[in-house]
Amino acid sequence: MGNKLSGKDLIKIGFPKNNSINIALGQINRYRKREKKESILTEAKEVLLFPEKFTGHGTWGKVAEGLVNPVQVRMHQLNNTRAPFSIFGENEIDEQAKYQLYDALKLPISVAGALMPDAHSGYGLPIGGVLATDNSVIPYGVGVDIGCRMSLSIFDIPASFFKGKEHQLQAILKDHTKFGMYETHTIKADHELFSRSEFQDIPLLKNLLGKAYKQLGTSGGGNHFVEFGIAKITNPLNEWKIGAGEYFAVLSHSGSRGLGANIAKHYTYLATKQCPLPKNVQHLAWLDLNTHDGQEYWLAMNLAGDYAKACHDDIHHRMAKAIGKRVVVTIENHHNFAWKETVNGKEAIVHRKGATPANVGELGIIPGSMTAPGFIVKGKGNAESLNSASHGAGRLFSRRKCKESFTQSEINKVLKANDVTLIGGNIDEAPMAYKDINKVMANQNELVDVLGTFTPKIVRMDR
């Protein structure tokens, strides 16, 4: 008896000659490779006899599903007509982004859609795209950086705190933030999140626990940042316990790091296998939430979202400790995520890829660029936008175009004119790469109310 498990071994113990054998071999090769063949066959026999006992199990749940209620793999065609949709700030949005939304609206699972005024073309769904689907989740509708989010901490310290402390504050940003693929904190923080059952129950996540622990409180590359600036509050809420005025604040933008990227990659692959689609829309492959993989992705996605929040909490805790002051108001929101919400009186899965949730009274922060103000907002709950707003100003120039169009000295001039200090940062994140945030905000005044602004002063990014 060779040590490598084969389909014949499974047939011998009674497995039907169908796809359940391929599923079993796939799961065993991926997650149980190093174990003894005999013990795996003993477990496989148990699954065969009592599949219902293994529903939701990390390794065997998918095999049990294959035995009892196999996922129907068939080519899906697009509908001829689009699901209803709205576009905000239509004249400022490139045609490609609109066509990407139009394609998504023809998916047989689509219920409704919307495009935010900062929209530009992306991969799968456009950035700034919102799509409601029926009991299905599209990994690329959520995006690679699951739970990418904004977090703003306002201190009860006047904006004048900056005077004479610029060098000290720059040093704090350099010392207490970590960026890019490999930088991690020397002193790691623990978090209750790491003892969550998903890290034990889902084999993929089990393998990612070490990486997640290492990367807690770090930021990625690209447009991720941590910055000190001035929060100008014009319409304070009673519960904030601070009045109108200008305060010292910290704003961060980043997501779920390697954890989210690996989840996105794994479940996108599974979605494309289970849900073949015409070539032009294959990135919109979905997972049915009634399937093992759909359920597992949903749990993993939510864990990645909570992890992204934990990363921001750690960053802000480090900042507050280094400054020696207490945060009085925190405003935060995801913008790469899927939620279960009610659309037209029915539960739907609302994907927001680069869009801020803006349900009635929901708070958010919409950044401009490193030299333009961001806006502190409160959602109006506009059904036309599927209760969403933009997640920023949106790009005007692609990263490639930036490298072709701008020079470092031009960027330095703009930074100087706006009295902004930049640590790190690349040409592809030039302030000029972004749309005019004031125009974007004017195009969404039916989606959010403005409570104040945040103006960056010292910005830290990856090099």
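Domain bounds here come from an automatic or database domain assignment. The model is predicted: local features need pLDDT of at least 70 and side-chain atom pairs count only at pLDDT 80 or more, while totals for chains, interfaces and linings use all residues. Residues are numbered from 1 along each chain as its sequence is written, and side-chain values use heavy atoms, with hydrogens and water left out.

**View 1. The second largest pocket lies between domain 1 and domain 2.** Domain 1 (7-68) and domain 2 (148-256 + 271-332 + 358-461) both give residues to its lining, so the pocket sits between them. On a 1 Å grid over the protein atoms alone, a pocket is an open set of points with protein on both sides within 12 Å along at least five of seven lines, and lining residues have an atom within 4 Å of a point. The second largest pocket holds about 680 Å³ of space, a volume being the space filled by probe spheres set on points joined across faces, edges and corners. Its lining has 33 residues, and Glu-65, Val-71, Asp-288, Asn-290 and Thr-291 lie nearest the centre.

**View 2. The largest cavity also has a lining drawn from domain 1 and domain 2.** A cavity is a set of grid points where a 1.4 Å probe fits but cannot get out. The largest cavity contains about 50 Å³ of space. Among its lining residues are Gln-27, Tyr-31, His-266 and Glu-296. Two or more lining residues come from each of α2 (19-31), α10 (257-274) and α11 (292-323); helices (H or I, at least four residues) and strands (E, at least two) are DSSP runs, numbered from the N terminus.

**View 3. His-253 and His-335 carry the UniProt annotation "binding site", from an unreviewed entry.** UniProt positions are given in the numbering used here, feature names are shortened, and annotations may be inferred rather than shown by experiment. The two residues span 83 residues in sequence, yet no two of their C-alpha atoms are more than 10.3 Å apart, so they gather at one spot. His-253 lies in strand β7 (residues 245-254). Contact means heavy atoms within 4.5 Å; leaving out residues up to four places away in sequence, His-253 touches His-335, and also His-224 and His-312, among others.

**View 4. Ser-151 is buried in the model.** Its relative accessibility is 1%, where buried means under 20% relative accessible area, exposed over 50% and partly exposed in between (1.4 Å probe, protein chains only). Ser-151 is part of strand β5 (residues 149-158). Beyond four places in sequence, its contacts include Val-250, Ser-252, His-312 and Glu-332.
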